[in-house]
Structures are given as C-alpha cells and as structure tokens.
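Subject: Handing over a structure

Dear colleague,

I am passing this structure on to you, and my notes on it follow below. Please read them alongside the sequence and the 3D view.

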Amino acid sequence: MVDVILGLQWGDEGKGKIVDFFAPGYDIVARFQGGPNAGHTLYVGDKKVVLHQIPSGIFHQHTTNIIGGGVVLDPVTLKRECDVVASFGIDVKKNLFISERTNIIVPTHRALDKASEMQKGENKIGSTLKGIGPAYMDKTGRNAIRVGDLLDKNFNSQYKELRNKHQILLNNFNFAEDISAWEDEFFEAIEFLRTLNVVNSEYFINKQITAGKKVLAEGAQGSMLDIDFGTFPYVTSSNTISAGVCTGLGVSPKQINEVLGVTKAYCTRVGSGPFPTELENEQGEELRRLGSEFGATTGRPRRCGWIDLVALRYTCMINGVTKIIMTKADILDSFKELNVCTAYNIEGKETDEVPFAISKVKIDPIWEAYKGWDCDTTGIKDPTNLPVEMSKYIDFINGYVGAPVKYVSNGPGRDQIIQL
Ligand code: GDP
Ligand code: IMO
Ligand code: MG
C-alpha cells in the first residue's frame, strides 16, 4: 500500500515537515521525481535541516528511504547531504537506497541550465540552476547516464560521450565558463555514490508492499509546476502529480491509497510565471516577512499572495486528493481580513477553471473576503480550540475544492500540527 504526500501549489508548501511528521507510520519513504531543485525543511530537535535529495523520513531510524528511478540525482549534492545527515548519527549506508534507474545530473547539465536561462533573458523560467531541465531532456532524449551504469566498466567513456555532446550545445550557447572544478568534485562524489546501496527499486518496493509494508511517496515541487499540467512553460521538468508516483517508483496505480495534498493557507511562488493571486503590495511583503518566505534551495525571495481556490480545486482534481493538509495557518494569525480567490476574470469573462493559456493571458482574481482570526494559534493542540474564524475559512475551502482539510499545521515544529 502506497500513500502519497505532495504539494498542491507552486512548491514549498511544507512537504518536508509533513513527511517527517507522518514518517513514523511508514516502513518506507520514497522520493519519486525531481532532484536537488527541491528544498525540504524539517526540524530535528531544534536544529533546522534542509533536504534536497534524501527523503524526509531519513531521521527516523526504522524507516527505509529510497531515491526512486524518476528522480534526477546530483552526486555532489547527495554527498554533501549525506555528510549533514551523518552528523546527526544517521547511517545512510544502512537506510538509504538508490534506484539503478535514477538519472545522474552531470556538471554540464548545470552549465546547460545556466546557458539556457541566460539565452532566454527576460523570458527565463527562473530555474534553480541545478541542471534539472537538461537532465530530464537527456532522459527523454535517451542519452542519460543512470546510477546502475556506475557499476559498468564503460562508465567513464559513457560520461565522456555525453560530455562531448553537451560541449557542442554549450559552444552554440557561447558558454565559456571553466567548469573543470565542477568535474573534479563530481568524480569524487561518484566514488562516494558507489559506496551506497544501489538497488532494483521496483522489485525492492513491490516485494515490501506484498509483505504488507507501508510506503509513503514524497513529492517534490508542486502540482502547478507539473510538466504537463502546470503553468507551462514556467514549470519544472517532471510529473509532480500523483501519477508520477507510478512511473517514478514502478508501482501500479492499484497500490495508491491516500493522496495527501499539502497547501499553504495562502500562496507562494518562486521563479517566473503566472501567479494570479500574487500581492505586489504591503500585504504581500507582510506575508513574506511573517512566513520567512525565502527559497530553501536558492535563498530567493518568494512571491506571496492569497490562496487560489481555482488552482487548488484543479490540483485536487488531477491528483485525486483524499485529504488536504493546510500549513502555515499561523502566518495569517495577525491579519484582520483574508481573501480567497474563487474565480478568474480573463478579459471580461469569468471562469472557475484553470485556462490552458494561463501563462499568456491577464487574470484578475475574483475575491471573497473573510474575517481574520487575529489571535496567536501557534500553541493550539486541540481542534476544538481553533478560532471560529479559522474554522469558517477551512469550511469554505472544503466546500469549494471538494476535498477535506484534515490537518492544520500551526508552526514549523514537528509537534505543531492539529488533526481535525
Ligand atoms: P517544502 O519544499 O514543501 O518542504 O517546503 P520548504 O521547506 O521549502 O518551505 C516551508 C517553510 O515553512 C520551511 O521553512 C518550514 O520550516 C516552514 N513551515 C512548515 N510548516 C509550517 C507551519 O505550519 N508554520 C510555519 N510558521 N512554518 C512552517
Ligand atoms: P520544493 O520541493 C519551489 C521552480 C523554480 C522555477 C521552476 C523550474 O522545495 O517544493 P527547475 O530548477 O526545476 O528547472 O525550476 O520551478 N522550483 C521550485 N519552486 N519549490 C521547489 O521545490 C521548486 N523546484 C523548482 O523556482 O520557477
Ligand atoms: Mg522547498
């Protein structure tokens, strides 16, 4: 049986904290897509940790953590991250497993990401520059090197062939940066990767499922960044939605049980692209300040706005969300009034659907105003103590999107979560 936790907005919904919270109830936590573009924050005691590639179940000794075949893996970031995790006394050689099918990000992927963004100029995607797009292009272009290839004696020549292909592209981009230092650290990290557990993860996971073990699939990014259903072209290069679990881990759709969708009580986006409910005013700045909305991977300020129920209903639909987890509700504690977007006005026409041309048209959100609760909620443990205004806000969301909010997260700490 597989449950899924994934983001319903444009990423950074608080997935790391939520996966860490639920992990004790599972035998396996597995990442199924994305790569080091992700930054998942969680707290171990009072120490903050940001994970990019290692699943967020790693701090639970009994949990097996898997990097699935749908992931693109940067060995350099992985090595660094393993050092951080090891400093907490966790033995990654014991409970981290990597799929043979996982595609490897090589230094020239990062260079190509940078060169492509530079060429796009004003129209850049706002990529994290971690090489994600070029690595997935090599996967679908059937050129990629995969983790299983590390065990092949021809690995070095396979690498050189790929690097030479990339060099031609880089020359076309007039990209002249010296990346030889990146290559040195890459080969050092490859040696480290060879010491980790590399498995045929589809057999590994399915055998565990047959034995009655519970798997938690951890999404990265958010559904509005999905390559097929997001705000194309301002998206990432993988399927971030629940369908990606099957292709990313090699499990059948019949095995998917709960789909837990994580949304902030408001909305943020980092990078370029449409964001209908963005507040380019003091309220937006207030959300950024109170929510410390700066990227966990790049440090960039996140764009902030009110919750977008048109987009949320859409992402609940395409994911088959069974339960919603609402995070950062506490960030709204001091607002006297809140707004929720219930429809889009596009050139005079009202719609409650996400349009195909979302990245091309001007969208004016239609708002419904809600009275804020205007009190500190960070210490609440019992759902009956939630302010009545918050309950009304949640009831409205439940009714609109057609999936129930079952948990409210009221602070970054592991124990700051209320089950409704
Ligand atoms: P992820 O990428 O979805 O895992 O989210 P990030 O880690 O990038 O960003 C979420 C940020 O919000 C992190 O700094 C978390 O520590 C923090 N956070 C998560 N849940 C809550 C919450 O309920 N309240 C507050 N105040 N912070 C939270
Ligand atoms: P987590 O898992 C927020 C955004 C980038 C950019 C676009 C494409 O922490 O929620 P990419 O590097 O993937 O080619 O960038 O996607 N992006 C994220 N935004 N959270 C993330 O991950 C993101 N991963 C990528 O900012 O707009
Ligand atoms: Mg993040």
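In this predicted model, a backbone N or O atom of Gly39 lies 2.9 Å from an oxygen atom of ligand 2, which is a polar contact in the sense of a pair of N or O atoms within 3.5 Å. The side chain of Lys15 also takes part, with an N or O atom 2.7 Å from an oxygen atom of ligand 2, and a polar backbone atom of Val270 is 3.0 Å from an oxygen atom of the ligand. The protein covers 97% of the 550 Å² of accessible area that ligand 2 has on its own (Shrake-Rupley method, 1.4 Å probe). Around ligand 2 there are 21 residues (a heavy atom within 4 Å), of which Asp12, Lys15, His40, Thr128 and Thr236 come nearest.

Turning to the strands (DSSP runs of E, at least two residues, numbered from the N terminus), ten of them form an open sheet with mixed pairing, in the order S9-S7-S5-S2-S10-S1-S11-S15-S19-S20, where pairing requires at least two DSSP bridges. Strands S9 (197-199) and S20 (417-419) stand at the edges with a single partner strand each, so one side of each has no neighbour in the sheet. Within the sheet, S15 (residues 323-327) and S19 (residues 405-409) pair in the parallel sense over three bridges, and Met326 has Val408 in S19 as its bridge partner.

Residues are numbered from 1 along each chain as its sequence is written, with chains lettered from A and ligands numbered from 1 in the order written. Local features need pLDDT of at least 70 and side-chain atom pairs pLDDT 80 or more, while totals for chains, interfaces and linings use all residues, and side-chain values use heavy atoms, leaving out hydrogens and water.

Best wishes

Key: A polar contact is a pair of N or O atoms within 3.5 Å; within protein, one must be able to donate a hydrogen and the other to accept it, and residues adjacent in sequence count only if both atoms are side-chain atoms. Helices (H or I, at least four residues) and strands (E, at least two) are DSSP runs, numbered from the N terminus.
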